[in-house]
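Please look over the notes below with the model open.

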Amino acid sequence: MPDTIDLRGVRCPANYVRARLALDELELGDEATILLDEGEPVSNVPRSLREDGDTVLAIDRRGGGFAVLVRRGEA
């Protein structure tokens with residue numbers, strides 16, 4: 001499982017679904033960076049992951065989008 005999940009160019013809600021599936025392959029407490037476009041993706045995906053019990057550790061601007069560092073929780 002790569003520690004970077006590139007979801008740039010993937011539209012909502014498919015980007016959340018793909019992020020969830022990728023994170024579900026990690027062990028509890030493992031971290032991954034999710035690359036997202038600005039706008040709805042960076043607003044919606046981190047919020048949904050938090051609601052699932054994951055921890056969003058950081059959201060940083062990277063290029064034309066964002067890098068979201070997430071620790072897998074009890075989803």
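Is glutamate 38 buried, partly exposed or exposed? Glutamate 38 is partly exposed, with a relative accessible area of 45%; that class lies between buried, under 20%, and exposed, over 50% (1.4 Å probe, protein chains only).

1. Basis. This is a predicted model, in which local features need pLDDT of at least 70 and side-chain atom pairs pLDDT 80 or more, while totals for chains, interfaces and linings use all residues. Residues are numbered from 1 along each chain as its sequence is written, and side-chain values use heavy atoms, without hydrogens and water.

2. Glutamate 38 and its partner. Glutamate 38 forms a salt bridge with arginine 61, with the closest N and O atoms 3.8 Å apart. A salt bridge here is a side-chain nitrogen of Lys or Arg within 4 Å of a carboxyl oxygen of Asp or Glu. The pair links distant parts of the chain: glutamate 38 in the loop between S2 and H2, arginine 61 in strand S3, 23 residues apart. Arginine 61 is exposed, at 55%. Helices (H or I, at least four residues) and strands (E, at least two) are DSSP runs, numbered from the N terminus.

3. Arginine 20. Arginine 20 is buried, at 10% relative accessibility. Its side chain meets that of aspartate 24 in a salt bridge (2.9 Å, N to O).

4. Network. Arg20, Asp24, Asp52, Asp54 and Arg72 are linked by salt bridges. Arginine 72 follows strand S4 (65-71) and is buried, at 13%. A polar atom of its side chain lies 2.8 Å from the backbone oxygen of leucine 23.

5. Helix H2. H2 (residues 40-51) has 12 residues. Its buried residues are Pro41, Val42, Val45, Pro46, Ser48 and Leu49. They cover an arc of only 160 degrees around the axis, so they lie on the same side of H2; the arc is taken from the directions from the helix axis to the C-beta atoms. Glu40 and Glu51, on the other side, are exposed.

Key:
Polar contact = N/O pair within 3.5 Å; in protein donor to acceptor, adjacent residues only side chain to side chain. Expected span 1.5 Å × (residues − 1).
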